[in-house]
Amino acid sequence: MGYGRYVLFRLANMFVVLILVTVISAALFYAAGETFLWDLVMSHVNAEVSAYRQQYPTASEEEIRRFKQEREKFWMDYYGLTKPLWERVLITTWNLMTFNFGKALQLRTPGGSDKVIDLILDRLPNTILLFTVGDLITMAIGIYLGMKAAKNVGSLLDRAISTFAMVTYSLPMWWTGMLMIMVFSYYIPNPFNPYEGLFPSGGILSPEVPPDPFLRFLDFLWHLTLPVTTLVLVSFGGWAYATRNIVLGTLQQDFVMAARAKGLPERKVLYGHVLRASSPAIATSVILSVVGSLGGAMISETVFNWPGMGNLAWMAIANMDFPVLLGWMYVTTLIWLLTLIVIDLIYGLLDPRVKVGIAVKGT
Amino acid sequence: MGFKEFWEEFFRYKSGIAGLILLFGLAFMAIGAPLLAPTEAYENWLNDEYWVENPEGVPPTWAAWLMGKNLPGHIIMTDPVEEDHWQEPPPWGARVYRWVFKYDFYYDEPPKDLMFRVLGITRGEKAPLIRIKIVRPDEKEITITCNYKLSERFRDTNCISISVTGTKEARFDPLSKGATWRFAEKYETEENMIKAIGMVIDEMDIVFREAGPGMIFGDTPLLHGTYKFIITVKMYNPGDRFDGMRVIAAGKVYGLLGTDIRGRDLWVGIVWGSRLALIVGLIGSVVSTVVGVFYGTVSAYLGGIKDEILQRIYEVVASIPVLPILILMAAIFKPSVWNLALMMALFYWTGPVKTVRSMALQIKEEPYVEAARAIGASGWRILTKYIANQVLPYTFALMAMTVPGVILTEAGISFLMGGEIISEPTWGRILGDAHGYSKMWWWILPPGFMICLTGLSFVLIGYALDKILNPMLKR
């Protein structure tokens, strides 16, 4: 199979997967939310009918009944309840595929917009800021420690990292967040303000934000500290362990022996040759991790009250706001699938051995 | 590899042994839950009426020792030191019951609350009356209620419950609140009484401190000694009866793990939660791993266009954002923990597919499989005898590694949805209840610690199994 056909095959494949994921999710959401939407229609209609009664106290029962029917039809149309389930699912899928995300049922941006796309664009930067900063720190620490551990296999550091990785593997990030909040927002007081903790327990900016941009930035950093620390704490162990295993695999290859035989200093062998040879695998994990975090961490963001994508998804579920949930789901899935393909294609371009069949395993 | 050799090798790994010990501990907790914590308490986890006597949000007993203080424990007094019963002459002919309870107070702080309960009382036409008096060691008396009627409000609970602090106003009559204030009035300065208006006062300070100016703010020294609680109940109708009488000095500390904000014994939740976590974790991981391994093997074995189709289905399921969908499904179907585990398996089977498929693909090309095919072995025979045989042992390693993920997801769902979907006290749900009470470390620490420990035990075991059973890691 030529490269061009390979690209086409991957893209077509992604497209099929995307459509199917969207159809399945939409069907699940609509089937799930049927009763909820009916309740919503009834509450709208009841509110309007009582308003109508107040406005026209002389209206006869017949008129009220007609008004009620008319409004019912309007709201059912509005929420698409007049159409059968499969038709609604297909329409929604089409709308999502054409990037027509529609309007939220209840959620609003701080600016008051009810467009789903605005809601997502409002939240996405917050998640990117939190997770990109967190991931970068995590990777720097993780890769550094992983290299060190691989260099001295069986050393105290190596064993400590393996143990720490195992412990953090089963550590819920959101619980760690709760602990951090407990310690740093409640038990350790703020030296400048005895009524506050050392760090805020949630949110992204203080309620009375300083107007000065520099102070604003400091305030933001102050809010960012606890979530980022939590993220780094629970994930750097796994990173170090993974890096260690990748590097260890490379270390056993012949070219390393050759480099050593040439008399290169160990430092140069490690960072010049080994890290370079291991970098595609590490880079893949880095990209997948960053992209995978764009959906946000639902529970951790809720714990930290961080207005990111994960929190948006949770708000959408809690309020049964299906358009938002579907939009969220579509955007995150699309970005994820696209990334998988891009990685795959770059690999296919760089390494002709890698072709269809060897996809990258997600983290 | 034989069974014996396997164990011999397994015990060479310290991590495997550590994991196994942890798992045995957890299994003991899960199986022995009815012995460690009463089943009744577990079944009544959501029944506020059941926990009404417990102090709300107090740390565990050993916390007092950590703080270096002698704090009052939770004491339920059911045996009166004096008991009396007589009939009044007509026209009313009331039956009168009188009890005296004794409470030795020698702690560094007053108890959290005092509660008086007449249990299982039934009333006829004329309501029973109750009088409660506290006699302090300095002979001063506080009359909590002198002529209290079982009001209509409490009729269906069949209990007269009076709390001195009146913090349980939803279930307890707050009537007693005035009594302590009237007592303080006699000894306090006018200035302090005016200052106290609108302030949050701990009524226990008034009861358990020396009478004098400042008592209302807890400034006077504690009054140690024996307190007497005198309770009189007068019943008018011949059919009236009651089941018992008790006085509760609610502790500032409680039990092994303290209580949550609704007075529930957290030890019960932690112990029974282990059962739920293991059920969810094991069912979820076993079902999803078995399905995933089967799927991956079959897909590799079939090959060609069938493999392609199976791989597309796999990709679709693997790309669905699991957590939101699971939460939504949980919100709608309100599953039991068993069904929740199965729901998770619906998405988690994708985990082992990729690894197992590539493993099976490799085995399929081995010369001995080719040889078997050449002498006419059936497809089913090759699948079970040659491929599954090699893949299956590794399945156990995969299972162990899947458990932590399943438990974390269940905990996350319970945390977010809390009472709306899960009626049992899972650890995640306890944490969900604790969200927002950040200062109660005894509430936040243990459930998360247990989640972590359970996950860790399986990771340790899985790590050892992986080393032993994964054919790709074999040296």
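Let's start with helix H9 of chain B, which covers residues 266–302. Its 37 residues should span 54 Å at 1.5 Å a residue, and because its end C-alpha atoms lie 52 Å apart, the two figures agree. The expected span here is 1.5 Å times one less than the number of residues, and helices (H or I, at least four residues) and strands (E, at least two) are DSSP runs numbered from the N terminus. Keep in mind that this is a predicted model, where local features need pLDDT of at least 70 and side-chain atom pairs count only at pLDDT 80 or more, while totals for chains, interfaces and linings use all residues. Residues are numbered from 1 along each chain as its sequence is written, and chains are lettered from A and ligands numbered from 1 in the order in which they are written.

Back to H9(B): this helix has a kink of about 25 degrees centred on B:Gly273. The bend at a residue is the angle between axes fitted to the seven residues ending there and the seven starting there. H9(B) is also mostly covered, with 27 of its 37 residues buried. A residue is buried if 20 or more other C-beta atoms (placed from the backbone) lie within 10 Å of its own, exposed if 12 or fewer, and partly exposed in between. Just past the helix sits B:Gly303, with a positive phi of about 65 degrees.

Now look at H11(B), which has twelve residues and reaches 16 Å from its first C-alpha to its last, close to the 16 Å expected at 1.5 Å a residue. Its buried residues include B:Leu323, B:Pro324 and B:Ile325. Just after H11(B) comes B:Lys334, which takes a positive phi of about 40 degrees.

How do the two chains meet? In chain B, 33 residues are in contact with 39 residues of chain A; contact is when the C-beta atoms of two residues, placed from the backbone, lie within 7 Å. On the chain B side, the elements giving two or more residues are helices H10 (304–319), H11 (322–333), H15 (379–417) and H17 (441–469). H17(B) gives the most, with ten residues. By class, that side has 23 nonpolar, six polar and four charged residues. Ala, Val, Leu, Ile, Met, Phe, Trp, Tyr, Cys and Pro count as nonpolar, Asp, Glu, Lys and Arg as charged, and the others, Gly among them, as polar.

Zooming out, chain B is assigned domain 1 (3–45 + 267–469) and domain 2 (71–253), with bounds from an automatic or database domain assignment. The centres of these two domains of chain B, taken over C-alpha atoms, are 53 Å apart.

Over in chain A, you'll find twelve helices and zero strands. The C-alpha trace of chain A spans about 100 × 65 × 35 Å along its principal axes, and buried residues make up 34% of its 363 residues.

Chain A is assigned domain 1 (3–97) and domain 2 (116–350). Where they touch, 17 residues come from domain 1 of chain A and 13 from domain 2 of chain A. On the domain 1 side, H1 (3–55) and H3 (85–97) of chain A each give two or more residues, and H1(A) has the largest share, 15 residues.

One last stop is A:Ala283, in helix H9 (residues 266–292) of chain A. A:Ala283 counts as exposed because it has 12 C-beta neighbours inside 10 Å.
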